Amino acid sequence: MFSSCADPKTLEGLSWLICYLTTGKHIDFYWSFLTVLTLLAVTAPVAMAFGFGGAMAARSHVLPIRLFGKGYTAMVRGVPDIVFFLFFVIALDQGIEWMKHQVVCPDWTQPIRQGMEFRVCPEAKVPLGNSAQIWHQLYGFALAVFTFAIVFGAFAANVLYGAMGAVPRAQLETGESYGMTPRQVFRRILVPQMWVYALPGLSNLWMILIKATPLLFLLGVKDIVYWARELGSAKTQAYAFPHPDWRLWYFLFLLAVYLVMTRCSEIVLGRLSARLSKGQATAAGEAQRRVVQ
């Protein structure tokens with residue numbers, strides 16, 4: 001806060017607004033945008049890794065692996081996202097603490113489950129109770145990333161599985177006729193060719209992931225929606241900067257932010273699609289050839 005903002009009661013008009021928008025909580029609000037962008041930047045490649053692994057497992061010739069891959073995609077896609085977020089994070093957190101409890105507190109005699117409560121020894125807490133707040137925030141963020149990656153990885157696996165199946169079999173057979181091994185055919189023909197078929201589905205997943213970031217609030221992470229609700233709520237005279245209910249304006253601002261993010265994504269994805277479609281035997285590739293002719 002600026003030195004001129006020390007006494008909010010003496011401020012009026014634009015000076016009041018500038019000081020209000022630079023309070024400590026508003027700084028946290030601005031930092032929360034970086035939290036959302038970091039979530040997108042980290043979750044997208046991790047979810048793609050889960051998706052690629054799930055698609056490969058679903059195509060495996062080994063029955064247990066194939067059942068695992070198809071079961072993963074079917075189970076996660078069949079459960080509502082909000083239910084999965086609420087249940088999985090709690091189960092994962094308690095599972096991590098339970099495993100640590102078995103190692104660091106082998107002599108613990110009290111039951112871990114005490115009615116509705118889950119209690120482990122203090123040394124098994126993750127992070128420890130006396131840890132700095134930053135470690136609690138990083139741990140919560142890591143759980144959020146892993147949960148998002150598991151959910152969207154299942155959808156990505158389904159998209160990639162279909163894209164692999166859409167690659168013309170004749171191209172794969174051509175590679176085999178040239179003496180390529182199955183791994184070479186997969187690496188040099190199937191994977192490069194599948195992206196043009198997978199991109200429309202992956203583009204939709206990216207848009208859904210952007211819109212799903214407000215679910216961070218359910219996972220205990222203070223995101224932009226949390227701060228918009230907190231800052232927009234009515235402030236009485238007990239606050240340094242009292243104001244009426246401004247939640248409408250805060251959420252309209254978030255609406256504009258999300259629209260800008262999705263529009264920028266559409267532009268980038270459109271250019272990527274045009275690049276991948278160049279020279280391909282697809283409708284988009286054929287349209288490009290007609291334009292050139």
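Me: Which helix is the place of Y197?

Reply: Ground rules: this is a predicted model, where local features need pLDDT of at least 70, side-chain atom pairs count only at pLDDT 80 or more, and totals for chains, interfaces and linings use all residues. Residues are numbered from 1 along each chain as its sequence is written, and side-chain values use heavy atoms, leaving out hydrogens and water. Helices (H or I, at least four residues) and strands (E, at least two) are DSSP runs, numbered from the N terminus. With that numbering, Y197 falls in helix α7.

Me: Does Y197 count as buried, partly exposed or exposed?

Reply: Buried means under 20% relative accessible area, exposed means over 50%, and partly exposed is in between (1.4 Å probe, protein chains only). Y197 comes out at 28% relative accessibility, so the label is partly exposed.

Me: And how far apart in space are Y197 and S265, C-alpha to C-alpha?

Reply: Along the sequence, Y197 and S265 are 68 residues apart. In space, their C-alpha separation is 18 Å.

Me: At what angle do α6 and α7 pack?

Reply: The helices here are α6 (residues 169–177) and α7 (residues 182–212), with axes 10 Å apart. Axes are lines fitted to C-alpha atoms, for helices over the stretch in contact, and angles run from 0 to 180 degrees between N-to-C directions. On that scale α6 and α7 pack at about 160°.

Me: What do you call that arrangement of α6 and α7?

Reply: The cut-offs are under 35 degrees for roughly parallel, over 145 for roughly antiparallel, 65 to 115 for roughly perpendicular, and oblique for the rest. So α6 and α7 are roughly antiparallel.

Me: Which residues in α7 do the α6 residues meet?

Reply: Contact means heavy atoms within 4.5 Å. From α6, the residues involved are Q171, L172, G175 and E176. Their partners in α7 are V185, I189, L190 and Q193.

Me: How do the residues of the contact of α6 with α7 divide by class?

Reply: Ala, Val, Leu, Ile, Met, Phe, Trp, Tyr, Cys and Pro count as nonpolar, Asp, Glu, Lys and Arg as charged, and the others, Gly among them, as polar. For the α6 contact with α7, that gives four nonpolar, three polar and one charged.

Me: P168 is in a loop; how far is its C-alpha from that of L190?

Reply: P168 lies between α5 and α6, and at 31% relative accessibility is partly exposed. L190 is 22 residues away along the chain. The C-alpha separation of P168 and L190 is 9.1 Å.

Me: How are α2 and α7 oriented to each other?

Reply: α2 (residues 24–58) packs on α7 at about 130°, with the axes 12 Å apart. That angle is why α2 and α7 are classed as oblique.

Me: By class, what does the contact of α2 with α7 have?

Reply: The α2 side consists of L40, T43, A44, M48, F52 and M56, while α7 supplies F186, V191, M194, W195, L202, W206, L209 and I210. By class, the α2 and α7 contact has one polar residue, no charged ones, and 13 nonpolar.

Me: How about α3 and α5: at what angle do their axes cross?

Reply: The axes of α3 and α5 come within 9 Å. They cross at roughly 120°. That makes α3, relative to α5, oblique.

Me: What covers the buried residues of α4?

Reply: α4 (residues 81–104) has 24 residues. Its buried ones are F84, F85, F88, V89, Q94, E97 and H101. The cover includes α3 (63–78), β1 (113–114), β2 (117–118) and α5 (133–166).

Me: Which residues is V126 in contact with, leaving aside neighbours within four places in sequence?

Reply: V126 sits in the loop between β2 and α5 and is partly exposed at 21%. Its C-alpha is 8.1 Å from that of D93, 33 residues apart along the chain. Neighbours within four places aside, the contacts of V126 are D93, I96, E97, K100 and Y139.

Me: What is omega for the peptide bond that joins V126 and P127?

Reply: Most peptide bonds are trans. The one joining V126 and P127 is cis, and P127 lies in the loop between β2 and α5. Omega for that bond is about -10°.

How values were computed
Expected span 1.5 Å × (residues − 1).
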